[in-house]
Amino acid sequence: MYYSLSEIFAIGIGPSSSHTVGPMKAAKRFVDNLKGKIDSVQDVKIYLYGSLALTGVGHGTPNAIVYGLLGLTADKIDLKQNYIERVKNSKSLLLGDKQNINFDFEKNFIFEKKTFLKEHSNGMKFVALDGQNNIVLEETYFSVGGGTIARLDEIAHRIERQPLDVPFQFDSFAQLKCICEKQNMSVSDVVLANERALYSDEDTKKYIRKISQIMQQNINDGVHKQGILPGSLKVRRRAPEMYESLQKRFENNVDDGLFILDWVNLWAFAVAEENASGSKIVTAPTMGSAGIMPAVMRYYQRFAHKKAFYDDMADIVYLTTAAAICSLYRTNASISGAEVGCQGEVGVACSMAAAGLCAVMGGNTAQIENAAEIGMEHNLGLTCDPIKGLVQIPCIERNAMAAIKAVNASRLATRGTGEHKVSLDSIIKTMYETGLSLQNDYKETSLGGLAKNVVC
Ligand code: SF4
């Protein structure tokens with residue numbers, strides 16, 4: 001099934017697409033649904049379930065929900081305004097920018113840590129009450145990955161999602177390859193033709209430029225910002241010192257054949273640290289894995305384009321090819337760490353970036369498939385075990401490792417003939433089955449793995 005570029009590369013507030021972007025959207029939608037009844041609301045209770053309850057505080061879920069309750073969207077929010085401080089200090093909140101209600105983080109959020117709703121592990125229920133404690137509106141939502149949400153009555157439809165009205169539907173890479181061959185199109189051409197059915201070419205270009213600019217801005221900001229990341233781990237930002245050290249070595253002409261690795265590491269760190277600090281980020285395909293696509297993008301801009309093409313089209317080819325790969329994971333597996341572990345986030349981002357880079361480097365359809373397949377094959381089984389529920393350890397370093405892996409996967413594929421034994425479709429199936437068989441302790445609950453064994 002085809003997912004549009006704006007569904008795959010959504011703009012949101014870090015640090016987690018499933019724990020901040022989705023909940024913020026759900027809260028905003030709940031407030032919008034109050035419509036004419038908002039004046040009667042005196043209280044709002046928010047119940048968080050499963051993974052949202054267990055790691056929501058570390059991931060910033062309550063803050064994101066408050067943004068949504070205030071009626072804010074990721075596009076419009078001005079992070080320089082201290083929305084959260086104001087709510088905390090005044091113990092009140094302007095619901096939907098209309099109705100003032102008392103609001104206390106300690107009382108209004110209820111963390112149901114032992115309850116996993118059967119539909120999805122990222123569940124949340126909003127209950128709006130009037131002055132007599134009567135329910136004005138009650139809705140349950142699920143954050144199903146990549147910032148996508150579904151209401152309780154809609155979640156069954158997630159599997160039978162209504163297809164977008166586009167000329168080229170594909171559920172597998174085999175089908176996508178067939179389309180490419182029959183139509184004499186590249187993977188990127190297929191995505192652009194589909195987007196043309198949804199938006200004007202000008203709007204598509206504008207959107208690609210916008211997400212590319214945010215990615216680049218995250219790198220540029222992240223390499224300079226010093227300090228400690230939010231949360232009890234007190235993790236120091238490492239990107240600025242990495243940058244300084246690289247600059248010095250460059251100026252001193254230090255002979256190091258692996259310089260490029262350090263640059264790619266730096267760019268992935270810069271974005272992942274920006275994400276961990278709650279900046280505006282592009283889901284690629286999620287926020288926890290948002291450093292990989294920008295780092296590989298910067299790699300081809302700085303280092304690879306000498307051997308391939310680089311012009312305005314490069315971003316388009318890179319991002320559209322990656323989007324096609326992501327569509328396949330969303331259709332046949334999951335991009336939610338709470339559902340399939342980190343292989344669904346960092347693993348998918350690695351696969352997307354490898355395919356995108358291969359396309360920019362002139363790889364053919366078979367080589368692109370090979371790159372995407374290698375990018376996932378060596379992330380299979382990757383668990384999600386963030387220490388203290390913060391998207392920091394192992395997440396930040398893991399972005400760097402996966403960006404390097406994506407570059408390598410692309411190089412292996414572009415230097416081969418495209419012939420490979422393991423198809424991308426079989427890797428996606430394997431990833432999903434592996435994810436389903438992982439215990440809940442390893443799926444964004446911070447109950448197992450590093451989260452259990454590392455005491456900080
Ligand atoms: S371990 Fe991976 S999936 Fe889990 S929060 Fe970190 S980046 Fe996301």
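Let's start with the ligand. In this predicted model, 13 residues surround the ligand. The closest are Gly 288, Gly 337, Cys 342, Cys 384 and Cys 395. What does the shell look like by class? Seven residues are nonpolar, three are polar and three are charged.

Now the overall fold. The count is 20 helices and nine strands. For a box, take the principal axes: the C-alpha atoms fill roughly 70 × 55 × 45 Å.

On to helix packing. Two packed helices are described by the angle between their axes and the distance between the axes. I have two pairs to show.

Pair one is α11 with α12. Helix α11 covers residues 239–251, and helix α12 covers residues 259–276. Their axes come within 9 Å and cross at roughly 155°. An angle over 145° counts as roughly antiparallel, so that is how α11 runs against α12. The crossing of α11 and α12 is left-handed. Which residues of α11 make the contact? Ala 239, Met 242, Tyr 243 and Leu 246 do. From α12 come Asp 262, Trp 263, Asn 265, Leu 266, Phe 269, Ala 270 and Glu 273. By class, this contact has eight nonpolar residues, one polar and two charged.

Pair two is α14 with α16. Here we have residues 312–332 for α14 and residues 346–360 for α16. The axes are 8 Å apart, at an angle of about 140°. That angle makes α14 oblique to α16. This crossing is right-handed. On the α14 side, the contact residues are Ala 314, Val 317, Tyr 318, Leu 319, Thr 321, Ala 322, Ile 325, Cys 326 and Tyr 329. On the α16 side, they are Val 348, Ser 351, Met 352, Ala 353, Ala 355, Gly 356, Leu 357, Ala 359 and Val 360. How many charged residues does the contact of α14 with α16 have? None: the classes are 15 nonpolar, three polar and no charged residues.

Last topic, backbone geometry. Where do we find cis peptide bonds? One joins Gly 14 and Pro 15, with omega about 15°. Pro 15 sits in the loop between β1, residues 11–13, and α2, residues 17–34. Another cis bond runs from Ala 284 to Pro 285. Its omega is near 0°. Pro 285 is in the loop between β9, residues 280–282, and α13, residues 292–304.

One more backbone point: Lys 35. Its phi is near 40°, which is positive in a residue other than glycine. Lys 35 lies in the loop between α2 and β2, the strand at 43–49.

To recap the helix pairs: α11 and α12 cross left-handed, while α14 passes α16 in a right-handed crossing. And back to the ligand: Cys 342, Cys 384 and Cys 395 are among its closest residues.

Methods:
Residues are numbered from 1 along each chain as its sequence is written. This is a predicted model: local features need pLDDT of at least 70, side-chain atom pairs count only at pLDDT 80 or more; totals for chains, interfaces and linings use all residues. Axes are lines fitted to C-alpha atoms, for helices over the stretch in contact, and angles run from 0 to 180 degrees between N-to-C directions. Helices (H or I, at least four residues) and strands (E, at least two) are DSSP runs, numbered from the N terminus. Angles under 35 degrees count as roughly parallel, over 145 as roughly antiparallel, 65 to 115 as roughly perpendicular and the rest as oblique. A crossing is left-handed if the near helix is turned anticlockwise from the far one by less than a right angle, and right-handed if clockwise. Two residues are in contact if their C-beta atoms, placed from the backbone, lie within 7 Å. Ala, Val, Leu, Ile, Met, Phe, Trp, Tyr, Cys and Pro count as nonpolar, Asp, Glu, Lys and Arg as charged, and the others, Gly among them, as polar. A residue is near a molecule or strand if its C-beta atom, placed from the backbone, lies within 6 Å of it.
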